[in-house]
Amino acid sequence: MSSTEPDALLGPADIRDLAAKLGVRPTKQRGQNFVIDANTVRRIVRTAEVRPDDTVVEVGPGLGSLTLALLEAADRVIAVEIDDVLAAALPATVHARLPERAERFALVHSDAMLVTELPGPAPTALVANLPYNVAVPVLLTMLERFPSIERTLVMVQAEVADRLAARPGNKVYGVPSVKANWYAEVKRAGSIGRNVFWPAPNVDSGLVSLVRRTEPIATIASRAEVFAVVDAAFAQRRKTLRAALSGWAGSAPAAEAALVAAGVSPQARGEALTVEEFAAIAEHKPEVPSL
């Protein structure tokens, strides 16, 4: 874009004007913090490596800051928005700011946790500024339901970003880390300051990159079976796996037998295990005798 062309992206004044016209006040309940800095959304699109042939799904587009930047770079953008007022306004914003790309935009007015299909071509990328209070379940749900998503870049609370990208042995490694790693190679992809948001949150934000595994985890256990072990292990994370998995296995001795069969020390703790080791444990769940 040349410097003489008007910028299609939204700046701080545009965001506040739009919000005022719509009577929108960002709510804590929905974790709404609107990005007001065009350079930040350009950086997100660049870091996400959005390609001209991508169909990008965006969750929680808000007033459209990131949506417009994605539309400039991708082939298509599908935005999923739960808020009635924001969902109604976004298509008009796209038409006004990027009329030549408007037919490549689709809006799904729904809770992302309830979306099971999307219009148009299957999405190849997920790029979103996720509301802090639902970031992990939304991310994991989208990865599960839309296996065509190859690359993901999400902006989340810094603490959540650390958790998602943590490796075994790290003190913040837990359920989100293991479950995200089931689907993808996960890494931190940068930090975002508070002053690019309106209203400014009282926490820092981080970018997390997830590149879907080309080969799924090699296991005969199902995703649900593996995730059941993960949930049980971290529900009592200070306990050894022999104790933490006793409910899952039926007893502590049964848990120990499953762990030994999987090649995992019964004295280990969940925070030390890779997703592959959790899968191995799931494969050795004892048969529960029928009454």
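Contact here means heavy atoms within 4.5 Å.

**View 1. Overall fold of the predicted model.** In this predicted model, residues 24 or more positions apart account for 70% of the contacts with a separation of 6 or more. The secondary structure of the protein comprises 12 helices and nine strands, and the C-alpha trace spans about 70 × 40 × 35 Å along its principal axes. Of the 291 residues, 51% count as buried, while the protein exposes about 13700 Å², of which carbon and sulfur atoms supply 52%.

**View 2. The tilted ring pair of F34 and W198.** Five aromatic pairs are found in the structure. In one of them, the ring centres of F34 and W198 are 6.2 Å apart and the planes meet at 35°, an angle between the limits of 30 and 60 degrees, so the pair is classed as tilted. The pair links distant parts of the chain, since F34 belongs to strand β1 (residues 34-35) and W198 to strand β8 (residues 197-198), 164 residues apart. F34 has a relative accessibility of 6% and therefore counts as buried, the cut-off being under 20%.

**View 3. The edge-to-face ring pair of W182 and F227.** The rings of W182 and F227 form an aromatic pair with a distance of 5.9 Å centre to centre and an angle of 75° between the planes, which is an edge-to-face arrangement. Because W182 is part of helix α7 (residues 175-183) and F227 is part of helix α8 (residues 223-235), the pair ties together parts that are 45 residues apart in sequence. W182 is buried, with a relative accessible area of 14%, and F227 is likewise buried, with a relative accessible area of 8%.

**View 4. The ring cluster of Y173, F234 and F278.** Y173, F234 and F278 are joined into a cluster by ring pairs.

View 5. D162 is located in helix α6, which covers residues 158-165. With a relative accessible area of 36%, which falls between the limits of 20% and 50%, D162 is therefore described as partly exposed. When neighbours within four places in sequence are left aside, D162 is in contact with V172 and R188.

Methods
Residues numbered from 1 in each chain as written. Predicted model: local features only at pLDDT ≥ 70, side-chain atom pairs only at ≥ 80, totals over all residues. Heavy atoms only, no water. Helix = DSSP H or I, 4+ residues; strand = E, 2+ residues; numbered from the N terminus. Buried < 20%, exposed > 50% of the residue type's maximum accessible area, 1.4 Å probe, protein only. Areas by Shrake-Rupley, 256 points an atom, 1.4 Å probe, with all protein chains shown as cover. Phe/Tyr/Trp six-rings, centres within 6.5 Å; stacked < 30°, edge-to-face > 60°.
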